[in-house]
Structure formats: structure tokens, C-alpha cells
Amino acid sequence: SDLISAIVEKLSDGVNLEDALGEDQLEHLDLKALVQTYVRHQNRATDQNHTDVLFLASSEPIIVACVDYRIEQMLDNARDFRTPDTSVIVRLYRQEYDCYLEVENVGPQIPESMLDSLFNFTVSGRQVASTEAHFGLGLYVVRLISQFHGGNVAAFNLSQPDGVLFRVQLPILIV
């Protein structure tokens, strides 16, 4: 009964997000400043001897039309898969008219057969046993949010050490 309730709640969350995005208002924001603040808060909440999240970005602002808390929600979902006591690397850079927000972590790779479907509704790439049920909504949420912002998302396996890179491409505003 608890599992069924959890399933219904998660499915409802996915549908509600689609509706909620339609209500959100895009603002012109400096994505670099937003992500920098997000990373600072993530690191403040963890052990002082370990940097939980490393942020690498160029010095200039990167202006995008976005909803700040949706970008944070996307980042929250992309950093779930890492090996404990390893740092997540968040990168932000610009190439021509787009910017790229990357989240890289050390941990299990995604099976090659799943890379194309990973961002679909109810597809989960988790391979480890977990104390809570996962319904494949986290990366679906990342896809919905990136598309809402005019972008897209992709995942890539890394080696030496094994890990995964999630890359969100977003259009920048020319100001």
C-alpha cells in the first residue's frame, strides 16, 4: 500500500510539473551567478573537510531566459548518481549562441542501451539497490525543464574513473 501510494504520488508529480511549467515566467538572469550560489549552498550543507560540488566557469556572466528554481531543481536531479565521498563537478561555458551546463560525477555508468531513453518518463538508470523506490522521474524532470528553457539534455558515460556527464544545452540571450 505504501509502495502504491508512492507510485501514484511520483506519477502525479511528473504530470503536475508539466502543468506548472506552463505557469512559470521566464526572467533574464545570469546563469553563472545562479549556479555559483546553488553550489555555495550545496557545499555549506556538507562536511567542511570535503567539497561536495566543484564549480568551473569562465568569468563573464552568461545571461539566459530562465526560472531560477527550475534550474536548481534540474541540478538537484542530475547529481543523484555519484559514489559517496566523491565531488560532483558542475561546469558552465558558452559556445556561440548557446551555453552548456554540465554535471559530472564519479559512479556507475549508464548501460549503453539506455542512453537514448534515459530521459523518458519512468525510465531509471539506477543499478544499485536503494532503500527508497525510484521511478525514473528525476531525469525526465531534467528533460522537461531543459526543453521548457528552449534547450535539450544528453548523458555521456565517462571512464577513468567511471562516471556520467549530464549536459544541458540552453540558448543564451545576446545583451
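Within strand β7, Q169 is the bridge partner of Y100. The model is predicted, with local features requiring pLDDT of at least 70 and side-chain atom pairs counted only at pLDDT 80 or more, while totals for chains, interfaces and linings use all residues. Residues are numbered from 1 along each chain as its sequence is written, and side-chain values use heavy atoms, with hydrogens and water left out. Helices (H or I, at least four residues) and strands (E, at least two) are DSSP runs numbered from the N terminus.

Strands β5 and β7 run antiparallel and are joined by 9 bridges. Both belong to an open sheet of 5 strands in the order β2-β4-β5-β7-β6, with mixed pairing; two strands pair if DSSP finds at least two bridges between them. The edges are formed by β2 (53–57) and β6 (152–158), each of which pairs on one side only. From one strand to the next, the twist averages 15 degrees. Axes are lines fitted to C-alpha atoms, for helices over the stretch in contact, and angles run from 0 to 180 degrees between N-to-C directions.

Helix α2 lies across β2, β4 (88–95), β5 and β7, at about 160 degrees to β2. K32 is located in this helix, which spans residues 31–44. Beyond its neighbours within four places in sequence, K32 is in contact (heavy atoms within 4.5 Å) with F55, A57, S58, S59, E60, I62 and L92. K32 is buried but has no salt bridge, and D30, the nearest side chain of opposite charge, is 5.9 Å away. Buried denotes under 20% relative accessible area, exposed over 50% and partly exposed in between, with a 1.4 Å probe and protein chains only. A salt bridge requires a side-chain nitrogen of Lys or Arg within 4 Å of a carboxyl oxygen of Asp or Glu; Lys and Arg count as positive and Asp and Glu as negative, with His and the chain ends not counted.

Rings of Phe, Tyr and Trp (its six-membered ring) pair if their centres lie within 6.5 Å, with planes under 30 degrees apart counted as stacked, over 60 as edge-to-face and the rest as tilted. By this rule there are 2 aromatic pairs. Y93 and Y100 are stacked, at 5.3 Å centre to centre and 20 degrees between the planes. Y93 is partly exposed because its relative accessibility is 24%, whereas Y100, at 14%, is buried. The F119 and F166 rings are edge-to-face because their planes lie at 85 degrees, with centres 6.3 Å apart. This pair links distant parts of the chain, 47 residues apart: F119 lies in the loop between β5 (98–106) and α4 (138–148), and F166 in strand β7 (residues 163–171).
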